[in-house]
Amino acid sequence: MYVRLTTEGLDMQITTLVYLIGDDHLYLATKKKGPGMGLYNGYEGEHHNGSETISRDTWREFDKTSGVKVLPKHLNKFAVIDFFECNEHIFECHVFFIEQWSGQPRETDEMALPDKFSKVQLPIEKMWKANSRFLPLIISGKKIVGEARYDKGMRELLSFTHFSM
């Protein structure tokens with residue numbers, strides 16, 4: 001049995017990650033600044049504590065920054081991953097897929113224009129190591145909770161464990 005740490009009552013950063021996904025492809029964009037610069041990823045965001053749910057906050061931020069329009073009901077959560085640097089729990093990431101949208105993704109200050117990849121040929125070597133572990137799982141339809149443990153500086157993935165959600 002897997003017991004997730006709770007962030008309730010803690011000053012924990014809650015992040016979100018959104019991927020546009022089609023029948024046989026996925027859109028990934030290269031990060032232009034910050035942690036993970038130069039690596040492929042989905043659209044990142046932060047959940048701001050307040051009256052909005054994580055899903056609603058994710059939808060609002062994605063809608064504002066991505067260039068595509070999506071209905072909140074098309075935002076589907078597939079994972080919650082806890083990230084650790086050594087033994088410090090640094091953030092909790094909620095991972096979503098969007099399969100129906102209108103418009104074209106655009107370049108942002110933080111993300112390049114996305115590239116389209118086959119679901120079976122992801123650029124694993126050019127992604128965060130944890131993402132390259134959980135993304136194939138959730139693309140296959142699995143909903144998971146997991147832990148990604150990195151070394152100091154978050155350069156090397158020490159372990160990745162996951163369980164069904």
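**Notebook: cores, sheet and spaces in a predicted model**

I began with leucine 135 and found that, leaving aside its neighbours within four places in sequence, leucine 135 is in contact with Tyr19, Leu26, Leu28, Phe97, Leu122 and Met127; contact here means heavy atoms within 4.5 Å. This is a predicted model, in which local features need pLDDT of at least 70 and side-chain atom pairs count only at pLDDT 80 or more, while totals for chains, interfaces and linings use all residues. Residues are numbered from 1 along each chain as its sequence is written, and side-chain values use heavy atoms, with hydrogens and water left out.

**Entry on the cores**

I then asked which members of the largest nonpolar core touch the most other members. They are Phe83, Phe134 and Leu135, out of 30 residues in that core. For this entry a nonpolar core is a set of buried Ala, Val, Leu, Ile, Met, Phe, Trp, Tyr and Cys residues joined through side-chain atoms within 4.5 Å, and buried means under 20% relative accessible area, exposed over 50%, and partly exposed in between, with a 1.4 Å probe and protein chains only. Strand 1, strand 2, strand 6 (75-85), strand 7, helix 2, strand 10 (144-150) and strand 11 (157-164) each supply at least two residues of this core, and helix 2 gives the most, with 6 residues. Helices (H or I, at least four residues) and strands (E, at least two) are DSSP runs, numbered from the N terminus. I also noted a second, separate core of 12 residues, which includes Ile14, Val68, Val70 and Ile98.

**Entry on helix 2**

I looked up how covered helix 2 is, and found that 8 of its 11 residues are buried. They are Ala130, Asn131, Ser132, Phe134, Leu135, Leu137, Ile138 and Ile139. Just after helix 2, glycine 141 takes a positive phi of about 105 degrees.

**Entry on strand 2 and its partners**

I followed strand 2 next, counting two strands as paired if DSSP finds at least two bridges between them. Strand 1 (residues 13-21) runs antiparallel to strand 2 (residues 25-30) and is joined to it by 2 bridges; the two form a hairpin with 3 residues between them, and isoleucine 21 stands opposite leucine 26 in strand 2. Strand 2 is also joined by 4 bridges to strand 9 (residues 115-118), again running antiparallel, and there tyrosine 27 stands opposite lysine 116. With strand 3 (residues 40-41), strand 2 pairs in the antiparallel sense over 2 bridges, where alanine 29 stands opposite asparagine 41.

I worked with a 1 Å grid over the protein atoms alone, on which a cavity is a set of points where a 1.4 Å probe fits but cannot get out, and a pocket is an open set with protein on both sides within 12 Å along at least five of seven lines; lining residues have an atom within 4 Å of a point. Grid points are joined across faces, edges and corners, and a volume is the space filled by probe spheres set on the points.

The largest pocket holds about 650 Å³ of space. Of the 26 residues that line this pocket, the closest to its centre are Thr15, Lys31, Glu44, Gly45 and Glu110. Strand 1, strand 4 (43-46), helix 1 (54-65), strand 7 (88-98) and helix 2 (129-139) each supply at least two residues of the lining. By class I recorded 11 nonpolar, 9 polar and 6 charged residues in the pocket lining, where Ala, Val, Leu, Ile, Met, Phe, Trp, Tyr, Cys and Pro count as nonpolar, Asp, Glu, Lys and Arg as charged, and the others, Gly among them, as polar.

The structure holds 1 cavity of 30 Å³ or more, and the largest cavity has a volume of about 40 Å³. Its lining residues are Thr16, Val18, Tyr43, Glu44, Gly45, Thr58, Glu61, Phe62 and Thr65, and helix 1 gives the largest share, 4 residues.

**Entry on two single residues**

Histidine 74 sits in the loop between strand 5 (68-69) and strand 6, and histidine 74 is buried because its relative accessible area is 18%. The C-alpha atoms of histidine 74 and glutamate 99, 25 residues apart along the chain, are separated by 6.8 Å.
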